Amino acid sequence: MASCLLKDGCGRIGTPCSSGHCIARSLRRLHERRWREKLGLFFVEGEDAVAAATAEPVDLLVAGEDVEPRLLAEVATAAHPPRVLAVYRRVDLPGLDVRPVTLALWRVADPGNVGTLIRTADAFGASVQLSDGCADPTAPKALRASAGSIWRVPIGPFAPAGRRVALTAHAGEPLAETDLGGPVTFLLGAEREGLPSTVERDLDARIPIDSAESLNVAAAGAIALYEFRRQAQTESSPPSHGVRSNHP
């Protein structure tokens, strides 16, 4: 637990330390998922991360202006202490809405993978669903991996709809040969355990690979979304036959 840094305060410049309102203690609590869920808050680190936010912060801390730089260095989770740190409400993040394609993650516990998949979903206009046992998308590592996409991607509980395509390492038909027309939900499991048979799906699909045993779950999600877009663009492209060319 972070302790008060100054005799007359807890690191917040010009503000006496008030019992129960120590900023160092509050930020340390937000390192833990149970406190983020209990308080409904999370924090982001760094000027780029704060600039990406689409909501007003509950608290904005700037080293040397609002707080002592030592405090941000003490409570930071990044390799290099940030100059800016901001606290936000979880309810200000986008709620789940209907999109043509969704990534439904089953017990993906690594926050870096969850954050990367959120960033990938942002790039392809997808939403994300998380089962119990998934990493918290507002964990510091997940937020860094999402690179601001947490503010643009609808995230909700695991409830696959549309055509449910389970991505597996070795079973099922090749992804490129799978019809991905219409609303699709890609089901992705944790790398070690994969998807259990109890997770309902409409079909299994695999991404053909050569010598590697399997793909990282974030890489698999990116390939699946790319293939979904490729097929959608192919279907929407006008046929080339009957088009007169000006070239000899």
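**Strands, helices and salt bridges**

Modeller: Strand β1 is largely enclosed by the rest of the structure, because four of its five residues are buried. Buried means under 20% relative accessible area, exposed over 50%, and partly exposed in between, with a 1.4 Å probe and protein chains only. Helices (H or I, at least four residues) and strands (E, at least two) are DSSP runs, numbered from the N terminus.

Biologist: Before we go on, what kind of model is this?
Modeller: It is a predicted model, in which local features need pLDDT of at least 70 and side-chain atom pairs count only at pLDDT 80 or more, while totals for chains, interfaces and linings use all residues. Residues are numbered from 1 along each chain as its sequence is written, and side-chain values use heavy atoms, with hydrogens and water left out.

Biologist: Back to β1, then. Which strand does β1 pair with, and in which sense?
Modeller: β1 pairs with strand β3 (residues 84–89) in the antiparallel sense, over five bridges. Two strands pair if DSSP finds at least two bridges between them. Within this pairing, V44 stands opposite A86 of β3.

Biologist: And the seven strands of the open sheet: in what order do they come?
Modeller: The order is β6-β5-β4-β9-β7-β10-β8, with parallel pairing. At the edges are β6 (155–157) and β8 (173–174), each of which pairs on one side only. Further in, β7 (residues 163–168) and β9 (residues 184–189) are joined in the parallel sense by four bridges, and F186 in β9 is the bridge partner of V165.

Biologist: What does helix α5 touch on the sheet?
Modeller: Helix α5 (residues 111–124) packs against β4 (101–106), β5 (127–130) and β6, and its direction makes about 170 degrees with that of β4. Contact here means heavy atoms within 4.5 Å. Axes are lines fitted to C-alpha atoms, for helices over the stretch in contact, and angles run from 0 to 180 degrees between N-to-C directions. Helix α7 (residues 217–236) lies across β4, β7 and β9, at about 165 degrees to β9.

Biologist: Which residues of α5 are buried, and what covers them?
Modeller: The buried residues of α5 include G112, V114, L117 and I118. The cover includes β4, β5, β6, α6 (140–146) and α7.

Biologist: How far apart are the ends of α5?
Modeller: The end C-alpha atoms are 20 Å apart, which agrees with the 20 Å that 14 residues should span at 1.5 Å a residue. The expected span is 1.5 Å times one less than the number of residues in the helix.

Biologist: What is found at the start of α5, and what follows the helix?
Modeller: At the start, a side-chain oxygen of D110 comes within 2.8 Å of the backbone nitrogen of G112. After α5 comes G125, with a positive phi near 70 degrees.

Biologist: Switching to S149: where does it lie, and is it buried or exposed?
Modeller: S149 is in the loop between α6 and β6, and it is buried, at 3% relative accessible area. Leaving aside neighbours within four places in sequence, S149 is in contact with I118, R119 and D122.

Biologist: How many salt bridges are there in the whole structure?
Modeller: A search finds 14. A salt bridge is a side-chain nitrogen of Lys or Arg within 4 Å of a carboxyl oxygen of Asp or Glu. One of them joins E37 and R33 (2.9 Å, N to O); the two are four residues apart in helix α2 (residues 33–39), which means a separation of about one helical turn. E37 is partly exposed at 45% relative accessibility, and R33 is partly exposed at 38%.

Biologist: Which residue does R36 bridge to?
Modeller: R36 forms a salt bridge with D136, the closest N and O atoms being 2.8 Å apart. This pair links distant parts of the chain, with R36 in helix α2 and D136 in the loop between β5 and α6, 100 residues apart. Both R36 and D136 are buried. R36, R90 and D136 are linked in a network of salt bridges.

Biologist: And what does R144 pair with?
Modeller: R144 forms a salt bridge with E45, with the closest N and O atoms 3.6 Å apart. R144 lies in helix α6 and E45 in strand β1 (residues 41–45), so the pair ties together parts 99 residues apart in sequence. R144 counts as partly exposed at 42% relative accessibility, whereas E45 counts as buried at 15%.

How values were computed. Polar contact = N/O pair within 3.5 Å; in protein donor to acceptor, adjacent residues only side chain to side chain.
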